[in-house]
Amino acid sequence: ELTPTDIHLLFDPTERCVNLAKIDVWRELMGGRTVLPTTGEWPALTSLNLSSNYIRREGAVALAQAIESGKIPALTSLNLSGCIIGEVGGCVLAGAIGSGKIPALTLLDLEHNFIGKEGAVALAHTIELAKVPSLTSLDLEYNEIGDTGISAIAHAIGSGKVPALTSLDLGQNKIGDMGVTALAKAIKAGKTPALSTIKLNNNSIGKAGGCALAQTIALGKVPALTNLNLWCNRLGKEGAALIAQAIGSGKIPALTSLNLGINSIEDTGVSVLAQAIGLGRVPALTSLNLHNNSIGNAGATALAHAIGSGKVPALTLVHLMWNSIGNAGATAFAQAILSGNVPALTTVILCDNKIGKEGAQAMSQAGFEDTEGHWKDSKGGWWKKR
């Protein structure tokens, strides 16, 4: 484990480190004040990873000073996930980035820092000033930015100042319908055509927010979308059905991963989703997560039939843990597998359902085995292709 003295020697401000391109001191818990080059020159430094180090506000201030000094102009990747820099640290860092001294920045990871709405607003201002025109990945998960914060970020994205953005992670931020509606409106402006990943998991998005996002998708404003994560929200069967209809619009053919787990979508919602999948508009889909959604045999059977239709030949994983699926649902999946139309399927997670011996035998006969080895206890099993 690195000590503060080790870090101080590594970043001796009297040295000019012409060739050093990457610094990775992940999870060393060394604090922030002594690690950062406030006076030394680092012209070749492109990657700085301080993730899981509790540098807090003081470390963020030191880093901000390093950025504003203009000594790390080539920086492209900055990872501060889990550094707990707080709202003040977020504002100070945003101001430093806004100085325009790291214009080549492509990745900014501020996950789990509690920058709050004020930090998000400050960062949005920096984006609108066109100070990070090359930004491709922005991770703000677990920052409690709320609707105010995401609305500011959304406005900045809609300004067209980050046209290369491909990944946006806003999970676990206390975002509701108002915030996600603002985001959907910004994306609808068409200024982020390369956006491929949208993560809004662990928020409070309901039917209205789901509707706004679905409309934007159906209008073809995210043609490059490959990963849509709405896990643990409040979509309900109506909101999920709207998202499903957008998926069936054919405007996101590159979609590979869809996560609607923990949304209370029930049989009604999953049946509409099954219809959308059956249209063959998401042929690249590899991962489908619908766990903990009060899905019974009717919904599972509809989904199995859609999968067995051959319209998602690349599908490798179906996650249906913590539902109410019984023998009929498991048997339907076994039949879909035996159809030969889902050759890539290797994993079907059915733990904690209501599946008995009959359903387990059907899955076994389809060439899958319960890798947990206790389907009786889990009422379903974790089924892997033999």
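This note describes selected features of a predicted model, point by point.

1. Basis of the model. The structure is a predicted model in which local features need pLDDT of at least 70 and side-chain atom pairs count only at pLDDT 80 or more, while totals for chains, interfaces and linings use all residues. Residues are numbered from 1 along each chain as its sequence is written, and side-chain values use heavy atoms, with hydrogens and water left out.

2. Overall composition. The protein has 13 helices and 14 strands; these are DSSP runs numbered from the N terminus, with helices (H or I) of at least four residues and strands (E) of at least two. Of its 386 residues, 52% count as buried. Here buried means under 20% relative accessible area, exposed means over 50%, and partly exposed lies in between, with a 1.4 Å probe and protein chains only. Among contacts (heavy atoms within 4.5 Å) between residues at least 6 apart in sequence, 88% join residues at least 24 apart.

3. Strand β2. Leu48 is found in strand β2, residues 47-49, and is buried, with a relative accessible area of 3%. Leaving aside neighbours within four places in sequence, Leu48 is in contact with Ile23, Leu63, Leu75, Ser77, Leu78 and Asn79. The C-alpha atoms of Leu48 and Asp24 are separated by 6.1 Å, although the two are 24 residues apart along the chain.

4. Helix α3. Ala96 belongs to helix α3 and is buried, its relative accessible area being 0%. Beyond neighbours within four places in sequence, its contacts are with Ala64, Ile67 and Glu68. Val61 is 35 residues away from Ala96 along the chain, and the C-alpha atoms of the two are separated by 9.1 Å.

5. The cavity. Rolling a probe the size of a water molecule over the atoms shows where empty space is left. A cavity is a set of points, on a 1 Å grid over the protein atoms alone, where a 1.4 Å probe fits but cannot get out; lining residues have an atom within 4 Å of a point. Grid points are joined across faces, edges and corners, and a volume is the space filled by probe spheres set on the points. By this rule there is 1 cavity of 30 Å³ or more, and the largest cavity holds about 40 Å³ of space. Its lining consists of Gly90, Leu93, Ala94, Ile97, Leu108, Leu110, Ile115, Gly119 and Leu123. The elements giving two or more residues to this lining are α3 (86-97) and α4 (116-128), and α3 has the largest share, with 4 residues. The lining divides into 7 nonpolar, 2 polar and no charged residues; Ala, Val, Leu, Ile, Met, Phe, Trp, Tyr, Cys and Pro count as nonpolar, Asp, Glu, Lys and Arg as charged, and the others, Gly among them, as polar.

6. Asn143 lies in the loop between β5 (137-139) and α5 (146-158) and is buried, with a relative accessible area of 0%. Its side chain reaches the backbone oxygen of Leu140 at 3.0 Å. Leaving aside neighbours within four places in sequence, Asn143 is in contact with several residues, including Leu110, Ile115, Gln172 and Asn173.

7. Helix α5. The 13 residues of α5 reach 18 Å from the first C-alpha to the last, close to the 18 Å expected at 1.5 Å a residue; the expected span is 1.5 Å times one less than the number of residues. Because 10 of the 13 residues are buried, α5 is largely enclosed by the rest of the structure. Its buried residues pack against α4, β6 and α6. Gly160, which follows α5, has a positive phi near 85°.

8. The loop between β6 and α6. Most residues other than glycine have a negative phi. Gln172, in the loop between β6 (167-169) and α6 (177-188), has a positive phi of about 50° although it is not a glycine. Lys174, found in the loop between β6 and α6, also has a positive phi, near 60°. Gln172 is partly exposed at 30% relative accessibility, whereas Lys174 is exposed at 59%.

9. Helix α8. Helix α8 (residues 236-247) has 12 residues and reaches 17 Å from its first C-alpha to its last, close to the expected 16 Å. Its buried residues, among them Gly239, Ile243 and Ile247, pack against α7 (207-218), β8 (227-229), β9 (257-259) and α9 (266-278).

Conventions:
A polar contact is a pair of N or O atoms within 3.5 Å; within protein, one must be able to donate a hydrogen and the other to accept it, and residues adjacent in sequence count only if both atoms are side-chain atoms. On a 1 Å grid over the protein atoms alone, a cavity is a set of points where a 1.4 Å probe fits but cannot get out, and a pocket is an open set with protein on both sides within 12 Å along at least five of seven lines; lining residues have an atom within 4 Å of a point.
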